[in-house]
Amino acid sequence: MTIMPESLREKRRLRKIYGILRDWYGTENAIIEVTAHCPKPQPVGDFLDAVMARAVGPDQVWLEKSRACWPAVVGPQLAKHSSFALAQGAVAIAEVDHPAWMMELNRMRNVLLAKLNTALGESHFTELKFIPAGRS
């Protein structure tokens, strides 16, 4: 038995269905009827996330998503003094430019972690750490 890629298997299945429907409905109506047997459309963003995860690894995907939403998570004032630096598995690491701001962010750690996971649409990170800028 040969193992076919899923897309090839799906194409053969649809071609077979099209042949049966063409015989039953005629050439013009078979195309309309075959769409009822096609897979549901997939959002482009979900497809691109899957491609990126395979191409660069899941940590890099989470890193880029987190960097994009970091200013909205912490607000404009804290975003001036901090940036999302690393995603290592379930640990999020942000750089902070001054010890006073690091103390402030550490006090807000649990709230920021919840806001980050909410912004990402999924509870991916279980821990949020802050490090001095330039050490990542």
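This is a predicted model: local features need pLDDT of at least 70, side-chain atom pairs count only at pLDDT 80 or more; totals for chains, interfaces and linings use all residues.
**Group meeting talk: strands, core and charged pairs**

Residues are numbered from 1 along each chain as its sequence is written, and side-chain values use heavy atoms, with hydrogens and water left out.

Strand 2 and strand 3 run parallel and are joined by 6 bridges, where two strands are said to pair if DSSP finds at least two bridges between them. Helices (H or I, at least four residues) and strands (E, at least two) are DSSP runs, numbered from the N terminus. On strand 1, the pairing with strand 2 is antiparallel, again over 6 bridges, and S82 has V96 of strand 2 as its bridge partner. The hairpin of these two strands has 2 residues between them, and G89 there takes a positive phi near 65 degrees.

How many residues of strand 2 are buried? The count is 6 of the 6, so strand 2 is largely enclosed by the rest of the structure; buried means under 20% relative accessible area, exposed means over 50%, and partly exposed lies in between, with a 1.4 Å probe and protein chains only. From this strand V91, I93 and E95 point one way, whereas A92, A94 and V96 point the other way.

Let me turn to the core. The largest nonpolar core has 21 residues, and those with the most contacts inside it are W70, F84, L112, L116, F125, L128 and F130. Such a core is a set of buried Ala, Val, Leu, Ile, Met, Phe, Trp, Tyr and Cys residues joined through side-chain atoms within 4.5 Å. Among the elements that each supply at least two residues of this core are strand 1 (82-88), strand 2 (91-96) and helix 7 (109-120), and the largest share, 6 residues, comes from helix 4. F84 touches, among others, L63, W70, I93, L116 and F125, not counting residues up to four places away in sequence, with contact meaning heavy atoms within 4.5 Å.

Now for the charged pairs, of which a search of the whole structure finds 4 salt bridges, each being a side-chain nitrogen of Lys or Arg within 4 Å of a carboxyl oxygen of Asp or Glu. In one of them the side chains of R13 and E10 meet at 2.9 Å, N to O, and both residues lie in helix 1 (residues 6-25), 3 residues apart, about one turn of the helix. In helix 4, E64 and R67 are likewise 3 residues apart, and their closest N and O atoms are 3.6 Å apart in a salt bridge. E127, where I began, forms a salt bridge with K129, with the closest N and O atoms 4.0 Å apart; E127 counts as partly exposed at 35% relative accessibility, and K129 does so at 37%.

I will end at the surface, with V44, which lies in helix 3 (residues 44-56) and is exposed, with a relative accessible area of 59%.
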